[in-house]
Amino acid sequence: METSQYGEYSIFQTWYNIFILIVTLNIQSEIFNKGLIEHSDEKNKFTANQTGLLIVLTGTFTAIYLLLHGLINKLLGLSTFLVLIMICEIFANAIISLWLSRKRFDFEYRKIVFLTLSTSILNPIVGVVAVYLSKNKAEARIVSNAIIPIVVAAILMLVIVRYGKLFGNTEWWKKAIIGSLPLLPHYLSLVLLNQSDKLMINHFDGAEDAAIYSVAHSAGLLMTIINTSINGSYVPWIYEKLKAKVTNGVDSVSNSLCMIVMICNVMLIWFAPEAISLLAAPQYAEATYCLVPIATSVFFFFVYTLIVDVEIYYGKNQYVAIASVCAAILNITLNYIFIPFFGYLAAGYTTLISYIVTMLLHFMFLKKTLIENKSSLKLFDRKGIVCQIICLLGMTVLAVALYDLFAARCAIFIVGCIVIIINRHRIVDAIAEIKKEKAE
């Protein structure tokens, strides 16, 4: 797609990320994970019940939209057809997320890998074909992006309905909604933190710059796939530990998981020019320097996500919301100040600063949470986290300095791989610890 067309598509995605929270209340995420712990003896019934709640929420929103579609279409700048496609895609991805969370809880990773790889391969293939054959390329990409999730969700629904009744236990629905509502400001703030950059770049600099930034943003946030996968396994493990009031060894596992994320992000940053050239056409090459701060911010995002898991377990949802709202306000303020002067590149660094501030706020709230609940949990070895941050920032600066020297970057990368191999036992031990605790 041309940069202007991709800019239109990225704006649609921004609205999608906002409306998925409004439609589903994000019950398929942290609230569902916590519910699986509370209803560990009735996991099948609980999964079916929450699927029924998603059907009710989506149906209610659709009815409201059809009544007010003229006003909503004008606000979004989208046609009725595209909004209905958005709603279908929202429901489909919510069902898929619910199913994946359940499988992570049971450590059934073969099914997760099969589904993830299948959709990861099919989705871009369908998208490329649709964009190539269509004159309205932005609309073609939007529609094609929804096809695979809708088909997959339809198949998963046939599996889930066999778990139990979709409708009936309204107490579980009520509890899920009550638990989700305080987190809604948190979820919306995260969307604003991630998506306001594009909207503001589009406003100040136009759709083409928004498209270039969107490529960097998408490439940088590819690492969140690793975050989600790791956190999906970590959540049931840490919740079981907290439930049993066994907190020994948590810090070593958490630090090792952070190290995995740090290494993956350093690898992406180290080969950012090649990653952008692989993912996008030559006109997007400038996105390389936006990718650097965005990929760096993913590490800080992962660190505070581990803290959020603990805060949600102890019911301190207000702390989660406060930190996220503060970060979103900071991000929007910084964007408003710096984008007009420094262009879209500034948005990457405002995102990084916002994530760092969010992490620091969550460390403060974690300490308060543990004191209030008289918990002896030591979630991180803080000296280890500080060392990882220094390493991440140092490697990032060095990578940017060597972007014109591909051979030098390859040589240093090989040395880094050797160091990782030598210290691989830390990563293996962390994964083994999670699996052992789950088995027990």
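Okay, quick definition before we start: a nonpolar core here is a set of buried Ala, Val, Leu, Ile, Met, Phe, Trp, Tyr and Cys residues joined through side-chain atoms within 4.5 Å. Keep in mind that what you're looking at is a predicted model.

So, with that definition, the largest nonpolar core has 135 residues. Which residues have the most contacts inside it? Those are Phe299, Val310, Leu379 and Phe380. And if you go by where the core comes from, the largest share is 17 residues from helix 14, residues 288-313. Leaving out residues up to four places away in sequence, Phe299 touches Cys258, Val261, Met262, Asn265, Gln388, Ile389 and Leu392.

Okay, on to the aromatics. How many aromatic pairs does the structure hold? There are 19.

You'll find Phe19 in helix 1, residues 3-24. Buried or exposed? Phe19 has a relative accessible area of 11%, so it's buried, the cut-off being under 20%. Besides Phe61, the contacts of Phe19 include Leu76, Met86 and Ile90, again skipping residues up to four places away in sequence. For a sense of scale, the C-alpha atoms of Phe19 and Ile263 are separated by 33 Å, and the two are 244 residues apart along the chain.

The charged end of Arg102 sits over the ring of Tyr163, and the distance to the ring centre is 5.4 Å.

Asn26 is in the loop between helix 1 and helix 2, and with a relative accessible area of 12% it is buried. What does the Ser180 side chain reach? It goes to the backbone oxygen of Ala176, at 2.8 Å. Further along the sequence than four places, Ser180 also has Leu25, Ile27 and Ile31 in contact.

Definitions and conventions: Residues numbered from 1 in each chain as written. Predicted model: local features only at pLDDT ≥ 70, side-chain atom pairs only at ≥ 80, totals over all residues. Heavy atoms only, no water. Helix = DSSP H or I, 4+ residues; strand = E, 2+ residues; numbered from the N terminus. Buried < 20%, exposed > 50% of the residue type's maximum accessible area, 1.4 Å probe, protein only. Contact = heavy atoms within 4.5 Å. Phe/Tyr/Trp six-rings, centres within 6.5 Å; stacked < 30°, edge-to-face > 60°. Lys NZ or Arg CZ within 6 Å of the ring centre and 35° of its normal. Polar contact = N/O pair within 3.5 Å; in protein donor to acceptor, adjacent residues only side chain to side chain.
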